Amino acid sequence: MIRISVIHDKPFIWNAEDASALREDHRIVGTLVGCLARAPRQNTQLGLPLQLLPEEATLLVEKGIAMLVNDSKPVQLPSNQRVMEFQEMRKQSFSEQKELYRKEKQEVVKQRFEEIKKGKMSKRRKLLEKRRVEGEDIADCEFEKDIEINVDDIEISEPTEDAFMVQIFTENPWKREDDLEVGWNFPSTDQETLRYRVFKDLWEKGHFLTTGGKFGGDFLVYPGDPYRYHSFYIAVCIPYHKKMCALDIVAMGRLGSNVKKTVLLCSVNEKDELTYTSLRWTGIG
């Protein structure tokens, strides 16, 4: 089961495989909010952790896909045994990388064997020329003599640990038995309940959803993965009996038209059923 870490009432995913599985298998997108280790002074591209919307976290728990755990407690210093386990894990990683490096180098040697052989012959000729210049009697046939060499005879340099990649953990690599599930009080208001019902209903219809704050709505609704598709709808969650002036309706319609999306007014009627009303700006005539 996927672990959702709750830190100051905000849900996060720290495991890369879990974040990928949520997107690919469960249509949960979230937002990457962590800086990249190789490019920390920018915010164009971000990395783990993946922050989830409260609606996303609630849905995952309700569907039995994930569990919420408390991750707000202070980090404890590792024990000596844990330090040894970590060092052993890093040695194992270096050992595996060294073996992969050796195999890749062997493949390169096989592919470029003829070039390597020609290079060694050229080097041999230069040495013979130097010895001849120094006065040594060397026959001309020695310059054209072939070199007997096998692929396995070519020495492959041994890499040092400085040349290997070091894994930077984004979460504790050891299972923590003392992690306890935390209470989750979302949704706790009528507006939050409405938002969650709308999110869940649209998600169950097969859509991808992300936050819609940039477009003046509650959610953006996509027909597929946001990496591949533009959103079709701006979902706005409003109470069923809330009065709206014509100016607000016109503003929503024009906003949707300007960004080539349909505004979707989402409410719950007297029969406790979700209703959707679409707004589109159209010409007259």
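In the hairpin formed by β1 and β2, where 2 residues lie between the strands, H8 takes a positive phi near 55°. This is a predicted model, in which local features need pLDDT of at least 70 and side-chain atom pairs count only at pLDDT 80 or more, while totals for chains, interfaces and linings use all residues. Residues are numbered from 1 along each chain as its sequence is written, and side-chain values use heavy atoms, with hydrogens and water left out.

- Strands here are DSSP runs of E with at least two residues, helices are runs of H or I with at least four, and both are numbered from the N terminus; two strands pair if DSSP finds at least two bridges between them.
- β1 (residues 2-7) has 5 of its 6 residues buried, that is, under 20% relative accessible area with a 1.4 Å probe and protein chains only.
- β1 pairs antiparallel with β2 (residues 10-13) over 3 bridges, and I7 has K10 of β2 as its bridge partner.
- β1 also pairs parallel with β5 (residues 66-70) over 5 bridges, with I4 opposite L68.

- β8 (residues 233-237) and β9 (residues 262-268) run parallel, joined by 5 bridges, and Y233 has T262 of β9 as its bridge partner.

Technical notes. Buried means under 20% relative accessible area, exposed over 50%, partly exposed in between (1.4 Å probe, protein chains only).
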